Amino acid sequence: MANHLLSHPKPNEITPPYRINIALTFLIIGVGIFLQWLASHVSNWPTTIAIAIAFSFLFLPLYSLLHEAEHRIFHPHPIINDIFGFLLAAFFPGSFTFLRACHLGHHQRNRTDAEMFDLYYPTDNLLGKRIYFYALYTGMFWLSVPVSMIILLLFPGLLRTSLLRDAPSVSAMVSGIPTRYLLRIRLECLAVILIHLTLFFAFNFKLWPYLLLYSFYGLNWSSQQYLPHAGSPRHVLNGAHNLLAHPLYSAWMLNFNWHLAHHQHPNVPWIYLPQFDDPIRDRPGYLSAFIRFWRGPQPVAEITTQNQTD
């Protein structure tokens with residue numbers, strides 16, 4: 001890599017901040033359960049909405065920690081890493097093995113045609129592309145995970161049928177999951193459902209507040225997930241941005257905005273990503289990038305047609 005990285009320790013030699021990760025995991029999940037209980041026991045909708053907004057931001061770092069576990073940099077011991085990965089995924093909610101396989105596949109397909117959500121070719125169905133874009137980033141991205149969990153548990157064969165042939169991005173994601181993981185994934189899906197049912201009845205949750213809180217989280221999470229990639233080069237490794245966010249928000253997201261650094265160094269834990277900035281790349285502002293993102297799919301520019309794997 002560039003010379004500015006030579007003074008830093010090698011990524012594989014960096015120990016994850018596992019004590020911080022474990023503490024944050026229990027704190028976020030504990031407060032999340034409390035917010036669910038509170039939303040189920042308040043008597044007015046404005047308060048419930050406020051709780052849902054708080055819940056939606058509380059669980060953003062939950063996904064950041066899950067993301068660490070997917071790369072096995074949550075904890076140095078692989079078994080402990082995967083136990084916490086399962087726990088974090090359970091509150092997303094989804095199967096850890098399924099989410100990990102999909103995410104690692106993303107690192108192989110990044111900014112290829114299968115993951116070109118913010119751009120379109122002249123031959124594309126533009127209306128369909130725009131409908132898919134806005135549906136995806138206003139909640140469908142998150143919703144696809146619990147829906148996939150139900151399908152994987154009850155009708156696993158549906159994910160490998162012709163239903164996916166007209167959705168290249170979904171097809172690429174699912175086809176990349178080894179068949180040998182299917183039993184583990186289905187067992188995880190069952191365990192996740194049992195965890196939520198247990199909490200639901202143990203704490204006397206009510207259905208509509210429970211769904212409302214997760215709906216707000218799904219919207220918030222979905223709306224920001226592709227932001228670090230939108231407008232970046234059509235390049236598997238360098239197709240991301242280190243977005244310039246307020247230091248407090250960057251800390252809250254566990255440096256998830258340092259996404260180019262993550263793609264260039266996927267074995268570096270979140271706490272060290274700012275040390276691996278790429279000085280030859282601009283850092284777009286987080287808010288301006290967010291506003292620009294909602295213009296929807298843009299034409300494929302000539303600059304994006306560079307070799308995607310150089």
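View 1. A search of the whole structure finds 34 aromatic pairs; rings of Phe, Tyr and Trp (its six-membered ring) pair if their centres lie within 6.5 Å, and planes under 30 degrees apart count as stacked, over 60 as edge-to-face and the rest as tilted. F117 and Y137 form an edge-to-face pair, 6.4 Å centre to centre with 80° between the planes. This pair links distant parts of the chain, 20 residues apart: F117 lies in the loop between α5 (96–109) and β1 (119–120), and Y137 in helix α6 (residues 126–154). Helices (H or I, at least four residues) and strands (E, at least two) are DSSP runs, numbered from the N terminus.

**View 2. The aromatic pair of F290 and W294.** The two rings are arranged edge-to-face, 5.9 Å centre to centre and with 75° between the planes. F290 is partly exposed, at 25% relative accessibility, and W294 is partly exposed at 24%.

**View 3. Arginine charges over the rings of Y181 and W258.** A charge sits over a ring if NZ of Lys or CZ of Arg is within 6 Å of the ring centre and within 35 degrees of the ring normal. R180 lies over the face of Y181, 4.8 Å from the ring centre. The charged end of R283 is placed over the ring of W258, at 3.9 Å from its centre.

**Notes.** Residues are numbered from 1 along each chain as its sequence is written, and side-chain values use heavy atoms, leaving out hydrogens and water. For this predicted model, local features need pLDDT of at least 70 and side-chain atom pairs count only at pLDDT 80 or more, whereas totals for chains, interfaces and linings use all residues.

Key:
Buried < 20%, exposed > 50% of the residue type's maximum accessible area, 1.4 Å probe, protein only.
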